[in-house]
Amino acid sequence: MCYTIAELHDEAGYVKHHIQKIAAFFLAMENFAAALKKAGHNVLHMNLDDTETFKDTTTLIDHLIKQYGVQNFEYQRPDEYRLTISLSSIQFEQTHCVDTEHFLLPFEEIPQHFKANKAHRMEAFYRKMRKRYGYLLNDREEPLGGQWNFDQDNRKALSKEDLTAIPEPITFQNSVQSILTRLKRHGIQTMGTIDETKIQLPVSRTQARKQLAYFCQSLLHHFGDFQDAMTCQSPHSVFLYHSGLSFALNTKMISPKEVIETAIKQLHSNLDNLSQVEGFVRQILGWREFVRGIYWANMPDYQNKNVLQHSASMPHYFWDGDTQMNCMKHALSHSLSHGYAHHIERLMVIGNFCLLTGINPNEVDNWYLGVYADAIEWVQLPNTRGMSQFADGGLLASKPYISSGQYINKMSDYCQSCTYKVKEKVGPKACPFNSLYWHFLDTHKDRFQSNPRLKFAYTNWNKRSTQEKSALRKQAVFYKESLGQL
Ligand code: FAD
Ligand code: SF4
């Protein structure tokens, strides 16, 4: 038996990826090949030089089958629709697809939980998964602490004292010089920036386990508390109390089961941490598995959904970070310089801005798929098109995730040093998120005004005078027409 691991031109180029993302993937592949060899396996590890003449993945595999007189070809089930279609087109009789162990819900059970074009809600799915795996349950199989979800206890902003206590994130010094030279030689187009010599992401199983241990020891006790917080006043403002484990999880260096069970073990030493641990488990056992179900139930149609018919183009600052909106500047610069931004920056700053300004979801998808090191279509697409852009009409979320500057001001210190004034709704210095928020609600009132979760917002809008409404509309239209100058 021989394992084949290959750097592929079509995979490196189907979207413009962040340079750190490609470098980290290639380095993780090198490390995996080395680990397999050390364990006594035969490995064929091909780099971009070796695969240059093959136009795509299947052409390479067809060639290898012939070259080595392969009797039996096995591959691990890809997580993406695109690759699944491509690999299933291989015309070789002795081909077997093997399931992956890196999700908790077996692939063949997805249709029992998720139906195409039907709205599903994460909370119901999450409770089923908690019961199925017995995570955080008491002896009577009820939720530990009497609640399934401690979200209401979490979501705190960071006070001045909290800022000084944020721990330094764990990083790794992985040399990538030879990979960067190779990418340059082959003219692979990338986005974002990289330190010329090293990347800090975990790129081996050992490093992934160190990252998990560090998270459990130093960060988990405040994970839920500061999950939604944002700051520009700490040297550690990129990761805060987040685990940074998504790249390791999505590249299968560590399994979700191991991550969840290691986090739950922390509870034995301190039951006070239940709300923090539950919050973390919910992200992986709940959200991560849930978005995968939505993806597979709805592909390939999902990638074309655009119920709000948004068509605007992304402004330049998505690539250069050069904007006066302080929240966007920080969230974009985290993304461009680290290939990472935490969930609330992705959802309530960048995603919120794209939704309020009506950016075409195809452009939003391509940007998100490229910029984040953890971005693989099965997880990026439902998060972007569904959760963040509501382009699926509510298959994943019960309401659009939108907010005015008020929410960003509550959860961050960004507004304190912004050119725009968060308290102002109209005028030259008015925070763009304010008028854009009301304009979005006004524009889409036929779709959303009867949504119970938006009742309060529409009551508020309807109370405004005709002049006030007209001024807000005018301001929002002005901002939409001058997107590139914000
Ligand atoms: P933590 O905050 O420490 O959370 C722990 C883990 O929970 C994560 O590592 C991740 O595996 C899982 N998780 C949390 N939220 C989600 C979610 N909504 N969907 C799936 N898994 C989740 N996540 C990706 O892995 N890849 C993506 O391409 C991606 N794109 C996103 C795009 C948008 C618009 C939004 C709103 C979210 C996206 N997410 C994506 C989900 C989430 O933002 C990231 O998983 C998280 O920020 C990764 O950082 P972390 O490991 O520090 O996460
Ligand atoms: Fe962002 Fe508005 Fe606050 Fe500026 S004032 S940081 S644009 S929310």
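Visitor: What makes you say that ligand 2 sits in the largest cavity?

Guide: This is a predicted model, and ligand 2 sits in its largest cavity. The wording applies because more than half of the ligand's atoms lie within 2 Å of the cavity's grid points.

Visitor: Which elements give two or more residues to the shell around ligand 2?

Guide: Those are helix H15 (326-338) and helix H19 (405-411). Among the residues surrounding ligand 2 are Asn 326, Cys 327, Gly 405 and Ile 408. Met 325, Tyr 414 and Cys 431 are also in the list.

Visitor: How do the residues of that shell divide into nonpolar, polar and charged?

Guide: You get 9 nonpolar, 2 polar and no charged. Mind the bookkeeping: Cys and Tyr count as nonpolar, while Gly goes with the polar ones.

Visitor: Why is Phe 390 called buried?

Guide: Its relative accessible area is 4%, and buried means under 20%, so Phe 390 is buried. You'll find Phe 390 in the loop between helix H18 (377-388) and H19. Phe 390 also has a positive phi of about 50°, although it is not a glycine.

Visitor: And why does Gln 309 count as exposed?

Guide: Its relative accessibility is 67%, and the cut-off for exposed is over 50%, so Gln 309 counts as exposed. Gln 309 has a positive phi of about 50° too, and is not a glycine. Its place is in the loop between H13 and H14.

Visitor: What kind of peptide bond joins Met 299 and Pro 300?

Guide: A cis one, with omega about 5°. Pro 300 lies in the loop between helix H13 (274-298) and helix H14 (317-320). Most peptide bonds are trans.

Terms used
Residues are numbered from 1 along each chain as its sequence is written. Chains are lettered from A and ligands numbered from 1 in the order in which they are written. This is a predicted model: local features need pLDDT of at least 70, side-chain atom pairs count only at pLDDT 80 or more; totals for chains, interfaces and linings use all residues. Side-chain values use heavy atoms; hydrogens and water are left out. A residue is near a molecule or strand if one of its heavy atoms lies within 4 Å of it. On a 1 Å grid over the protein atoms alone, a cavity is a set of points where a 1.4 Å probe fits but cannot get out, and a pocket is an open set with protein on both sides within 12 Å along at least five of seven lines; lining residues have an atom within 4 Å of a point. Helices (H or I, at least four residues) and strands (E, at least two) are DSSP runs, numbered from the N terminus. Buried means under 20% relative accessible area, exposed over 50%, partly exposed in between (1.4 Å probe, protein chains only).
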